[in-house]
Amino acid sequence: MKSAVFAAGLALCALVASGPSIGQETFRNTVTGDVLDIDANAPAEGRDTPAVKKFLETGVNPYTEVPGCLPKGEEVYLESCSGCHGHVGEGKVGPGLADAYWTYPKNKTDKGIFETIFGGANGMMGPHSDIELDNMLKLIAWIRHIQVEDVSDADWLTDEQKKAFKPFDLKKWESEGKAAAEKQECKISGN
Ligand code: HEC
């Protein structure tokens, strides 16, 4: 009896000592379902921030609706995505990203859209694993910010964020929103 308890204790110690590997979530390619090797493919820069660590553990983007993160998110979007998805996600050769319809419903979650961007989807939607992880979270925050349709089905927003959400207005962003956001820091609460 005693030795059984001892053995169980040993097993527990071994478990605790081995600890979790990077992050706790498993990320998968949107089309094939293959596991994405984030550790091997993400740039060395920008992977140790509090936001990235939190995201890899929870699958939730802590930068959603953090104004200070939006200008960089917009910059990355304009550099890497707008050529195919349109200046404000209205759609071009790639589908619209600012409306309530998603080809892959999982893109309504932060984890799902990260998997689609990092690992790619079909045809011209190649993998974008070259984007620094911290910037990727800012990019996703930007895509969520430019939504123009009803967000009641938006799994990426909390109920509180849904209540506060206003459809994106490019004129307002360019005339005042961006300048105000640039004055703020991009960091998550509690850090
Ligand atoms: C060369 C053109 C091209 C570029 C550049 C590109 N995409 Fe795409 N994207 C596409 C196409 C085409 C699809 C449709 C693929 C499919 O249905 O599998 C797509 C699909 C998507 C989807 C899935 C949309 C849905 O309705 O479920 C997301 C999200 C997405 N792209 C985000 C991005 C982001 C973010 C970037 C920039 C980092 C980007 N894409 C860059 C062409 C592109």
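The shell around the ligand has 13 nonpolar, 10 polar and no charged residues. Here Ala, Val, Leu, Ile, Met, Phe, Trp, Tyr, Cys and Pro count as nonpolar, Asp, Glu, Lys and Arg as charged, and the others, Gly among them, as polar. This is a predicted model: local features need pLDDT of at least 70, side-chain atom pairs count only at pLDDT 80 or more, and totals for chains, interfaces and linings use all residues. Residues are numbered from 1 along each chain as its sequence is written.

In total, 23 residues surround the ligand, each with its C-beta atom, placed from the backbone, within 6 Å of it. The closest are Cys-81, Cys-84, Gly-94, Ala-121 and Asn-122. Two elements give two or more residues to this shell: α5 (82-85) and α6 (110-119). Helices are DSSP runs (H or I, at least four residues), numbered from the N terminus.

UniProt, in an unreviewed entry, places a "binding site" at Cys-81, Cys-84 and His-85; such annotations may be inferred rather than shown by experiment. Cys-81 lies in the loop between α4 and α5. Cys-81 counts as buried because it has 20 C-beta neighbours inside 10 Å. The cut-off for buried is 20 or more other C-beta atoms within 10 Å, with C-beta atoms placed from the backbone. His-85 sits in helix α5. With 21 such neighbours inside 10 Å, His-85 is buried too.

Now to the helix packing. Helix α4 (residues 70-80) meets helix α7 (residues 133-145) at an angle of about 90°, with axes 7 Å apart. The axes are lines fitted to C-alpha atoms over the stretch in contact, and angles run from 0 to 180 degrees between N-to-C directions. So α4 and α7 are roughly perpendicular, the term for 65 to 115 degrees.

How values were computed. Angles under 35 degrees count as roughly parallel, over 145 as roughly antiparallel, 65 to 115 as roughly perpendicular and the rest as oblique. A residue is buried if 20 or more other C-beta atoms lie within 10 Å of its own, exposed if 12 or fewer, and partly exposed in between; C-beta atoms are placed from the backbone.
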